[in-house]
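Take a short walk through this structure.

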Amino acid sequence: MLFDFFPSRTLTIYLAKMFAVRIVAVLAMLVLVLLMLDLLGKTGDILSAEGNTNAEVWLYATLRAPQLVARFLPYSVLLATIITLAGLNQNSEVISMKAAGMSAHQILAPLLMIGVLVAAVSFAFNERIVTRATATLKAWENVEYAAIPENADTRTNVYFNDGNDVLMGATLSGRGSESVLNDVTFYERDDGGMITRQITADRAVFASPGWLMEDAASFTVATANTQQIESLVVAEGVAIDQVELRRVDPDAQPLAELSDSIDALQGANRRTGELEAKWWHKISGPLSAVLMPLLGAVAGFGLARSGQLFTRAVIGMALGFAYFVVDNAALAMGSFGGYPPLLAAWAPFFLFLLVGETVLVRTEE
């Protein structure tokens, strides 16, 4: 038995199916066009790496496509809403439904139901596929499209400050106490910032505290002498939390893993406002698919013959895109502490939920 909030079973299926098909069509069009434009700029860089062929270009496409799907799915829902409702209005189907006693909210109910389903699928897709694709793609980009590191957590060209001294590594792999730096260089500097000694080694492991360099070569600037050192602990002020801080990429970590990263950084008294905002946005972001039918609803009502259908469609599109602008601005404000993380992630959603409801009630109900 259907709730009174929904129209009849037949009409609900008709509207939901129409809306879902248009979401898929718009999303496919956006992703294909944007992926082709992206490949135009990246193909040369990929093929310039030694040993890369067209297979690596296709690999890049498979890694980039999930990111584009995740980013433009809410836009697709917005555009599909406007296309669906504008078409129904143009064919006088909205007038027929309202003449049958249906309210604007009942007409939108099947679209909102599909929006909830899209939000759930989007959340699962982001957690299971997008985060892994992002981690792998960033690791590949860090090595300039050479061989993809076996560990997607590998970071390249990292450096840490220990007072005046600097510890640098070509790559950083492993986690926690098992972290390993490869192609390591340690610079000892005086108070004026001048290098007094340079120590190099193939690798260094975390020694808690400091980093253990084995089979190292030490070059002293003052005497221009080089000597071999069997083992040496350097950079004792570089704690493991500094290492983990470099690893935290909220776009490449699922919700549970990001929670652990935030807890670890908070335990080290590190600022986590930006990461907390991204944590909340992993939930509020997919829910924007529920908001789009409400913001684009203005395109489906009013008399089509009045000549205002195009104007209403533009207003609906403007409301939807205004949400994305405000959402990005709020996240940026949360990144540097202007907003609390919870407010930065959720305020745009609830603000435009009220705006959409207000416009719908004042104009149609």
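**From a helix to a charged patch**

Gln 106 sits in helix α4, which spans residues 104–142. Helices (H or I, at least four residues) and strands (E, at least two) are DSSP runs, numbered from the N terminus. The model is predicted: local features need pLDDT of at least 70, side-chain atom pairs count only at pLDDT 80 or more, and totals for chains, interfaces and linings use all residues. Residues are numbered from 1 along each chain as its sequence is written, and side-chain values use heavy atoms, with hydrogens and water left out.

Is Gln 106 buried or exposed? Gln 106 counts as buried because its relative accessibility is 18%. Buried means under 20% relative accessible area, exposed over 50%, and partly exposed in between (1.4 Å probe, protein chains only). A polar atom of the Gln 106 side chain lies 3.0 Å from the backbone nitrogen of Ser 103.

Now turn to the surface. Asp 183, Asp 202, Glu 214, Asp 215 and Glu 230 gather there in a patch of negative charge. Patches take residues with over 30% relative accessible area and no salt bridge, and join like charges within 9 Å. A salt bridge is a side-chain nitrogen of Lys or Arg within 4 Å of a carboxyl oxygen of Asp or Glu.

Strand β5 (residues 211–220) holds Glu 214. Asp 215 is found in strand β5 too. Glu 214 is partly exposed, at 41% relative accessibility. Asp 215 is exposed, at 61%.

Asp 183 belongs to strand β3 (residues 180–189). What about backbone angles? Most residues other than glycine have a negative phi. Asp 183 has a positive phi of about 55°, and Asp 215 has a positive phi of about 50°.

Technical notes
Polar contact = N/O pair within 3.5 Å; in protein donor to acceptor, adjacent residues only side chain to side chain. Patch = residues over 30% accessible without salt bridge, like charges linked within 9 Å, V, L, I, M, F, W, Y side chains within 5 Å. Areas by Shrake-Rupley, 256 points an atom, 1.4 Å probe, with all protein chains shown as cover. Lys, Arg positive; Asp, Glu negative; His and termini not counted. Charge placed at Lys NZ, Arg CZ, Asp CG, Glu CD.
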